[in-house]
Each structure stands twice: as structure tokens, then as C-alpha cells.
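Please look at the sequence and the structure before reading on.

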Amino acid sequence: MKNHRPRFASLLAGSLVLTVLSANAQTSRLPDPLAPTGRWSIEEIGNAATPPMGWSSWNAFRTDINEEKVLAAAEAIKREGLAELGYRYINIDDGWWLKRRQSDGRMLIRTNLFPSARGRGKADSSFLPFTTRIHQMGLKAGIYTDIGRNACSQAFDLTSPNLPEGGTAEREVGAFGHVEQDVALYFEEWGFDYIKVDACGLADYGPAREIVAQYEYRPFEPYIVRSKPNRSNIDAVTQLYGAMRSALVRSNPDRDFVFSICAWGEANSRSWGKNVGNLWRTSGDITPEWSRMLHTFDSAVTRELYAGPGRWNDPDMLFVGHGDFDEKHLLQARSHFALWSIIAAPLIIGYDLRNAPQALLDIWSAKEIIAVNQDTAGNQGVLAYSGDDVQIIVKTLSTRGEKAVALFNRSSSPTTVYLTAEHLKMRSDKPIALRDLWAGKDLPAFVGERSFQIAAHETVMLKATGPSILSNGQYLSEMPARINVAVDGIRALQNDPTIHHMVDPWTSTRTSGTRPQYAGWGGPRADATPYDEALSIRDSEYRSGIGALAGSRLEVKADRAFTRFSADVGIDDSSLGTSVPVTFEVYGDGRLLARSLPKSFGDRAESISADVRNVSLVELVARPSGQDPSLVVVTWGNAAFEVSGPAS
Ligand code: GLA
């Protein structure tokens with residue numbers, strides 16, 4: 001049996017690990033994982049400064065695709081004005097492949113579905129005519145593959161007429177063992193601009209699986225065991241996706257590509273996705289059911305510190321237009337769209353656009369909602385209020401003083417929601433201007449708080465403009481896109497229990513229940529502890545701050561924009577570990593700027609502050625002075641940056 005225990009160093013980007021190692025090469029001690037590096041350790045790749053927008057064939061057609069359907073979608077994207085609003089990528093999902101040619105390993109296209117791909121005379125095929133057509137329309141084209149040998153449809157869509165054909169090796173259409181060759185083919189020769197890379201080949205072809213014998217697939221001892229992160233071979237999974245990343249960078253010197261990782265939040269991909277791709281799925285597949293939408297949304301909404309320009313949590317593609325989000329459920333459809341927008345999720349339409357009713361087109365083209373999603377600061381919305389029935393999510397926009405707000409009624413009854421100035425981190429004694437983004441109308445300004453009647457399943461989307469509580473700066477939790485979780489302090493992977501436990505769409509109630517899924521529980525949070533408690537040090541609650549585990553290091557892009565960093569630091573009152581003191585360190589471009597005294601559980605918060613003028617990168621380290629048997633939860637209460645003079 002293989003050793004499937006993850007090695008934590010490798011959960012970080014390879015480059016980061018190297019930096020840490022070399023910084024310590026002179027000393028013979030083990031490298032200090034909390035040592036400052038003085039540099040932002042995510043190397044931005046690709047073309048995803050804002051969340052990707054476009055269309056994909058999967059939610060519309062599954063494998064029942066063809067060229068006419070895909071081109072019709074592209075034409076509709078142009079005709080209906082969606083292209084001008086930012087929908088750019090036309091993505092072919094599973095179902096395009098015929099086989100892998102055995103003489104040279106080249107992938108062949110199912111040309112009866114994509115006639116323009118027929119090669120002249122030879123048994124060859126090319127998507128170049130297709131991508132050229134898409135490019136001539138001013139759009140970009142996306143392709144789909146699997147990181148393993150076999151694809152998802154080969155395990156889950158067994159009645160599809162569009163499954164790969166031929167012998168065992170010919171049907172190995174996934175990129176495993178062919179990464180360089182396939183990426184060169186898809187990007188250099190065929191001209192694609194986007195790739196979604198699935199992972200069924202690493203998960204569903206174990207030697208004991210019935211389909212493996214029945215369809216004569218080559219068995220693959222799984223690297224991914226769904227819902228069991230500690231049984232998954234995370235090193236191997238990250239290495240494979242890392243190799244794909246390198247190949248994409250090499251094949252695209254113009255950087256015009258998007259790398260979409262589709263490992264469904266498994267193998268701890270919610271944590272390492274940001275180091276490898278431009279977007280990464282945070283959950284299993286969405287279905288057009290309200291409760292499943294809640295599930296995939298929940299898998300991303302608490303990962304606000306992992307997203308930012310070039311790197312996006314992906315709760316899966318839109319299902320607007322289907323099932324619980326169809327024409328008869330426009331309120332739910334609008335909620336789905338608004339929620340994806342406020343958490344800066346990719347907006348990928350999954351509907352047959354040949355027959356789209358105007359009411360659905362109106363949702364996809366809601367300009368002011370899209371503007372929230374595409375805001376250039378790239379902040380993911382942060383939960384300002386969270387409960388099972390109601391959530392308030394606030395997203396700091398790039399225009400100073402402006403925030404987008406979603407008031408989300410998850411429940412099936414109408415409810416009253418109070419939005420307060422405090423939720424917005426705005427002054428409670430000054431008017432706050434409001435705009436209803438669905439109606440495109442200004443609402444009366446309010447002071448202090450205002451109530452909203454919200455229908456069952458409705459999401460009110462607002463823009464609020466007002467003066468910040470801080471006269472001269474911003475809380476760190478208002479700018480999550482500036483943060484990179486370099487070291488999360490998690491010692492053992494644990495599934496996230498906060499994600500809505502719907503009846504599983506595939507197994508229904510035949511199992512013993514829907515259990516916690518997707519590792520990442522314990523990752524740092526904005527305005528909450530890693531375990532979703534309110535931030536609190538020695539009985540003082542902090543509505544603003546960063547909650548983290550001891551043993552964490554956060555990188556913060558200061559970009560020389562600030563003059564001072566300050567925070568009230570201490571061990572959180574909700575900490576599980578209570579026996580080991582923690583020292584809080586603030587670094588600026590690798591130099592120690594401030595350090596707290598060792599803080600013990602129950603100690604009052606200590607205020608620390610550091611001059612960060614001309615500092616590009618701030619690092620926040622919570623250093624435990626030993627190994628507590630339990631995890632120690634720490635709080636950077638009211639962590640904030642000051643600016644001198646008028647804020648920019
Ligand atoms: C997986 C992915 C889906 C889709 C299908 C295709 O389930 O998560 O998004 O690509 O495979 O078979």
C-alpha cells in the first residue's frame with residue numbers, strides 16, 4: 001500500500017518551497033516555514049485579472065455537443081450583447097474527442113460532431129478552423145481535458161454516443177503522460193485560449209472498479225479518494241497539475257491562456273489551487289437544484305483569502321435557466337447569479353443560447369451585477385453576517401468608499417434583514433447612499449441601519465457608498481485580494497463541516513448521510529476565526545480582523561500604498577489549544593518591523609503597529625513558542641492599514 005500521507009511542504013507552490021529552503025541554506029537547521037521571504041510567492045500566470053466570463057457546453061448539453069450548437073452559442077453571445085459585457089470564452093467541455101492515435105499519441109477530434117475539424121485527405125483533425133472562427137468573432141476558445149488517462153464521461157456518461165472509441169490505449173484521451181504534447185497541440189497548433197482540466201482519471205479508475213473491467217480501462221490506483229483528503233496522494237496531484245501549469249506557460253509566451261483546475265475541492269485543492277491555476281473548483285458538480293447550489297456556494301464563500309486577480313475560487317458553472325433556476329424561478333436564478341458575482345466567481349453560462357428567453361438574457365446581462373463581479377480590485381465578498389437562513393456578504397470595490405452588498409435569504413420563508421453601518425464598516429452617524437443593483441435605481445440613503453423585507457430565496461444586491469469607520473485607512477479584511485495565505489498552520493487536513501449538507505443528487509438518501517467534504521477547515525478567514533467563530537481576545541469581540549491558526553504566515557501586498565499597519569493581537573477566546581504562547585511578527589519586505597510579546601491564552605490583546613511606508617510586501621506571522629497538542633487560534637483584531645493624506 002502506498003503512503004498517502006500529504007507532506008505539508010509540498011502543499012505550497014514549489015517555487016515558494018525552494019525560496020524558503022535556499023534562504024536557510026547556510027544554516028544546518030531545518031528550514032523555518034514561517035521565515036519571511038520578502039516576496040509575494042504567487043507567480044501570476046495566464047489571463048484572468050478578473051473572474052473569467054463565458055459559456056460552456058457542459059450544463060447545456062453534457063456530452064451531446066456539436067459544432068453547430070457551440071457556434072450558435074458564440075453567435076448568441078455576440079448578438080445579445082453579452083460579449084460586450086465581458087462574456088468572452090466559448091468552452092467545449094467533455095465529448096469532443098474521438099481517440100488518441102497510437103502511432104504518435106496525437107489526439108483526434110470527433111469530426112462527425114465538428115465537421116470543420118476534418119483534415120484534408122489524411123485521418124487527421126484540427127480545431128484550428130473552429131478557433132479561428134471564434135477568434136474572428138472577437139471571442140476566445142476553450143478546450144477540456146483530464147489530468148489522468150481517462151475522462152469523467154468514460155466513468156459517468158456510459159450511455160453517451162460520444163465516448164472515446166477504440167482499444168484501451170486509444171481511449172486514453174486524458175493528458176497523463178502526454179502533458180507537453182497535448183498542451184502544445186491545443187494551444188500552439190489549435191489556438192485555444194482556455195483549458196479546463198478535470199481529474200476523474202485520478203479518482204475513478206481504481207483496479208477494483210467494475211467499469212474498469214467492463215470497459216477494459218487501464219487500472220489506475222487512485223491519487224484522489226473523494227472526501228478523504230488524508231487518503232489522497234496530494235503530492236502526486238499537485239505535481240501533475242503543476243506540470244500542466246508549466247506546459248501552459250511554455251506554450252503561451254503571450255500569457256493569453258486560462259488554466260481551470262477541476263479537482264472538485266478534493267485533495268486539498270481549495271488550498272493549493274491559487275498557486276497552480278487561475279481558477280479551481282471548490283466542490284463537486286453543481287446541479288440545477290437550490291440545495292446543491294447552496295452547497296457549491298458554501299464551498300467557496302468562506303475562502304475569501306484565497307482569491308484575487310489571477311486566482312479565483314470556482315463554485316462551478318452557472319445553472320441559470322435550468323431546474324430550480326429556470327424561467328419559472330427567476331428570483332432563484334437571480335440569486336444564483338448575484339451570489340456568484342459577489343464572491344468573484346467565474347461567470348460561465350451553461351444554457352442552450354439558441355433559444356434563450358429574454359428573462360434569462362436579462363439576468364446574464366445585468367450590467368451592474370456584472371460590474372460587481374468584474375471589479376478590478378478582485379476582492380471576494382466577505383461574510384458580514386452568517387447564519388443558516390440569512391447571509392450578508394460585502395465586497396469592497398475599487399472605487400473608494402464603495403461596497404457591493406448581497407442580502408441573501410437562503411430560507412424558504414420571507415424574512416426581515418437589518419443591514420447596519422457596522423456590516424459595511426462605515427460610520428453609523430453619517431448617511432450611507434444605497435443603490436439597488438437589480439433595479440438599477442438609487443434608494444434613499446440611511447443612517448445607522450435599515451431593514452429589508454426579503455422574499456424566500458431572494459438575494460437583494462446593493463451598492464453602498466459612505467465614509468469608512470476608519471478616518472484614515474482600511475481594515476485588512478476589507479481587502480482580501482491583497483492577501484496570500486502562504487502558510488495556513490493546518491497540521492492535519494480536515495473536511496469543512498459548514499458546507500450545506502443537501503441530499504446528494506446522485507446517491508439520494510441511500511447512504512447514511514451527507515458528510516463534511518473538502519479539506520481546508522482551519523484556513524484563515526476575514527472577520528471570523530478559522531473555525532467560523534466571531535473574533536475575540538479576552539472577552540473583546542472584533543468585528544474586523546483576520547483569524548488564523550498559530551503557525552501561519554500571510555503575505556499582504558501593500559504596494560507602497562500605506563503608511564502604517566496596526567492590529568490588536570492575541571490568542572482567540574475560541575482557541576482549542578490553550579497551553580502555548582504565540583508571538584506575532586510583522587515584516588516589511590523581509591525585515592522585522594514589529595513583534596508582540598509572547599501572548600498566552602486569556603491574555604489581553606496587545607496593540608502592535610509598524611511603519612510600512614515604502615513597503616511592498618507585509619508578512620504577518622503568528623509564531624507559536626512550542627507545539628500545542630491542540631490547534632491554537634489567533635486573532636489579528638482590527639488589523640488595518642493607514643494611509644497618509646487623501647486615500648487613493
Ligand atoms: C466532471 C466535471 C464537470 C464536467 C464533467 C464532464 O464531472 O466536474 O464540470 O466537466 O466532468 O464529464
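In this report, two residues are in contact when heavy atoms of theirs lie within 4.5 Å. The model described here is predicted.

## Overall form

The protein chain contains 14 helices and 33 strands. Its radius of gyration is 25 Å, close to the 26 Å that the globule rule gives for 648 residues, so the chain is as compact as a globular protein of that length. Along the principal axes, the C-alpha atoms of the chain fill a box of roughly 75 × 65 × 50 Å.

## The pair H10 and H11

Helices H10 and H11 pack with their axes 11 Å apart, at an angle of about 5°. Angles under 35 degrees count as roughly parallel, and H10 and H11 are therefore roughly parallel to each other.

Which residues of H10 and H11 meet? From H10 come Trp 290, Met 293, Thr 296 and Phe 297, and from H11 come Gln 332, Ser 335, His 336, Leu 339 and Trp 340.

## The six-stranded sheet

An open sheet is formed by 6 strands in the order S11-S12-S13-S18-S15-S16, with antiparallel pairing. Strand S11 (382–386) and strand S16 (441–446) are the edge strands, each pairing on one side only. From one strand to the next, the twist averages 25°.

Within this sheet, strand S15 (residues 432–436) and strand S18 (residues 459–465) pair in the antiparallel sense over 4 bridges. Arg 435 stands opposite Lys 463 in S18.

## Helices on the sheet

Helix H10 (residues 290–301) packs on the sheet and touches S11, strand S12 (390–396) and strand S13 (402–409). The direction of H10 makes about 140° with that of S13. Helix H11 (residues 330–342) lies across S12, S13 and S18, and runs at about 40° to S18.

## The pair H3 and H4

The axes of helix H3 (residues 67–79) and helix H4 (residues 128–136) come within 10 Å and cross at roughly 15°. H3 and H4 are therefore roughly parallel to each other, and H3 passes H4 in a right-handed crossing.

On the H3 side, the contact is made by Glu 67, Val 70, Leu 71, Ala 74 and Glu 75. On the H4 side, Phe 130, Arg 133 and Ile 134 take part. The residues of this contact divide into 5 nonpolar, no polar and 3 charged.

Technical notes:
Residues are numbered from 1 along each chain as its sequence is written. This is a predicted model: local features need pLDDT of at least 70, side-chain atom pairs count only at pLDDT 80 or more; totals for chains, interfaces and linings use all residues. Side-chain values use heavy atoms; hydrogens and water are left out. Axes are lines fitted to C-alpha atoms, for helices over the stretch in contact, and angles run from 0 to 180 degrees between N-to-C directions. Helices (H or I, at least four residues) and strands (E, at least two) are DSSP runs, numbered from the N terminus. Angles under 35 degrees count as roughly parallel, over 145 as roughly antiparallel, 65 to 115 as roughly perpendicular and the rest as oblique. A crossing is left-handed if the near helix is turned anticlockwise from the far one by less than a right angle, and right-handed if clockwise. Ala, Val, Leu, Ile, Met, Phe, Trp, Tyr, Cys and Pro count as nonpolar, Asp, Glu, Lys and Arg as charged, and the others, Gly among them, as polar. Two strands pair if DSSP finds at least two bridges between them. The radius of gyration is taken over C-alpha atoms; the globule rule is 2.2 Å times the number of residues to the power 0.38.
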